[in-house]
Amino acid sequence: MNEVEELLRRALRRVEPPEGFAERLVRALPQVTPANVMALRAARKATPVSAWRRFSAPAALAASLLVAVFTGQHLATLKAEREEQAGLAASRELMQALRVTSQKLDLAYEAVQRPAPAPTAEEENRS
Amino acid sequence: MKARIALSLAALLFAGPLLAQAKTSLAAIPKGQLLLPEMAGLADKASESVTVTLDSQLLGFASRFLNPEDPDEAAAKKIVSSLTGIYVRKFTFDTDYAYPKADIDGIRRQLSAPGWSQLVEARSKKEQTNVDVYMLVDGGKARGLAIISSEPREFAVVNIVGSIDLEQLHELEGKFGVPDMQIESGKKPAPAPAPKESSKPRTQ
């Protein structure tokens with residue numbers, strides 16, 4: 001058992017690389033950029049970014065703002081129109097109410113203006 | 001027995017808040033305002049009906065839309081400025097006495113409350129027209145005006161709430177077809193030649 005352990009320990013022991021190994025390894029690596037990266041770079045250069053693509057987001061934002069502003073204005077106009085219609089209807093009602101009041105006051109006035117009925121002959125005899 | 005007691009307690013528990021609510025709603029009604037019934041049934045039977053319900057908010061709103069160039073509307077604006085409510089129910093029928101007298105009696109009962117005084121009680125046997133004018137005076141100021149008018153084919157109730165100034169009422173005279181009632185001048189109006197109706201002016 002101890003022999004096996006000893007063998008393993010020897011086999012797995014830390015071995016320092018020879019001097020200059022790292023530099024040699026870097027030098028040995030290929031200096032060319034991978035093909036797929038090159039292809040991607042080439043494709044990006046080949047297709048120019050269109051103006052629409054560049055300005056689409058700000059344009060959409062501006063359009064949204066414009067729509068919001070116009071919708072708000074339209075709603076405010078509608079509200080004002082509705083309020084005016086309601087106000088005119090209320091004022092018509094008010095005038096109608098005052099007219100009815102005046103008619104009825106008229107009736108009361110006429111009744112007050114009329115002199116009391118003359119006493120009948122029977123009533124005169126009683127007094 | 002226990003169930004009855006529980007039911008009674010539950011009824012009392014529910015009745016308390018309901019009574020309190022009713023008291024609050026009655027207290028919310030301003031002085032001079034009558035509780036006019038909706039009279040929806042009458043409106044169906046009537047050939048013509050006018051129902052106006054303008055509380056203080058609506059009066060203020062309506063008066064903003066009155067044309068100051070129009071003399072009638074300008075006068076109305078001035079009158080309305082001191083009012084807190086105008087309520088009108090007017091029904092015209094095709095047949096005689098199609099309206100229930102109970103409705104009128106119900107309104108008259110409210111006018112027997114303290115503070116209300118009858119200014120005019122006019123009864124015309126010839127035209128079968130009755131007109132009663134009441135005013136609620138509180139703290140030396142008129143706070144409400146009520147007019148009940150009944151004819152064979154017409155029934156109208158007018159309730160004006162607010163600080164009613166007789167001078168303003170005077171301004172109303174001559175407008176909208178109302179002649180000058182000479183409230184302040186003290187001048188006696190010229191007598192009419194038809195002495196067949198009875199009227200009892202009750203000036204306070």
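Predicted model: local features only at pLDDT ≥ 70, side-chain atom pairs only at ≥ 80, totals over all residues.
Q: Is A:Lys104 buried or exposed, and what is its relative accessible area?
A: Residues are numbered from 1 along each chain as its sequence is written, and chains are lettered from A and ligands numbered from 1 in the order in which they are written. The scale calls a residue buried under 20% relative accessible area, exposed over 50% and partly exposed in between, with a 1.4 Å probe and protein chains only. A:Lys104 is buried, and its relative accessible area is 3%.

Q: What is the N to O distance in the salt bridge between B:Glu154 and A:Lys104?
A: B:Glu154 belongs to strand 6 (residues 154-164) of chain B and A:Lys104 to helix 4 of chain A, so this pair also joins two chains. B:Glu154 counts as buried, at 14% relative accessibility. The N to O distance of the bridge is 2.5 Å.

Q: Which residues of chain A are in contact with B:Ser149, its neighbours within four places in sequence left aside?
A: B:Ser149 sits in strand 5 (residues 141-151) of chain B and is buried, at a relative accessible area of 1%. Contact means heavy atoms within 4.5 Å, and the partners from chain B are B:Asn130, B:Val131, B:Glu154, B:Phe155 and B:Ala156. From chain A, the partners are A:Lys104 and A:Leu107.

Q: At what angle do helix 4 of chain A and helix 3 of chain B pack?
A: Axes are lines fitted to C-alpha atoms, for helices over the stretch in contact, and angles run from 0 to 180 degrees between N-to-C directions. Helix 4 (residues 51-113) of chain A meets helix 3 (residues 56-64) of chain B through residues including A:Ala86, A:Gly87 and A:Ala90 on one side and B:Leu59, B:Phe61 and B:Ala62 on the other. The two helices are roughly perpendicular, where angles under 35 degrees count as roughly parallel, over 145 as roughly antiparallel, 65 to 115 as roughly perpendicular and the rest as oblique. Their axes lie 7 Å apart, and the angle is about 100°.

Q: How far apart are the axes of helix 4 of chain A and helix 4 of chain B?
A: These two helices, the one in chain B covering residues 71-80, pack at an angle of about 85°, which makes them roughly perpendicular to each other. The contact joins A:Leu94, A:Met95 and A:Leu98 of chain A to B:Asp72, B:Glu73, B:Ala76 and B:Val80 of chain B. The distance between the axes is 11 Å.

Q: Which residues are joined with B:Arg108 into one network of salt bridges?
A: The side chains of B:Asp132 and B:Arg108 form a salt bridge at 2.6 Å, N to O, and this pair links strand 4 (residues 129-138) with helix 5 of chain B across 24 residues. B:Asp132 is buried at 0% relative accessible area, whereas B:Arg108 counts as partly exposed at 23%. Through bridges that share partners, B:Arg108 is joined with B:Glu121, B:Arg123 and B:Asp132.

Q: What is the C-alpha to C-alpha distance between B:Gln110 and B:Leu35?
A: B:Gln110 is in helix 5 (residues 101-110) of chain B and counts as partly exposed, at 23% relative accessibility. Apart from its neighbours within four places in sequence, B:Gln110 is in contact with B:Leu34, B:Leu35 and B:Trp116. B:Gln110 and B:Leu35 are 75 residues apart in sequence, and their C-alpha atoms are separated by 8.0 Å.

Q: What percentage of the residues of chain B count as buried?
A: Chain A has five helices and zero strands, and buried residues make up 14% of its 127 residues. Chain B has six helices and seven strands, and among its contacts between residues at least 6 apart in sequence, 61% join residues at least 24 apart. Of the 204 residues of chain B, the buried share is 37%.

Methods: Heavy atoms only, no water. Helix = DSSP H or I, 4+ residues; strand = E, 2+ residues; numbered from the N terminus. Salt bridge = Lys/Arg side-chain N within 4 Å of Asp/Glu carboxyl O.
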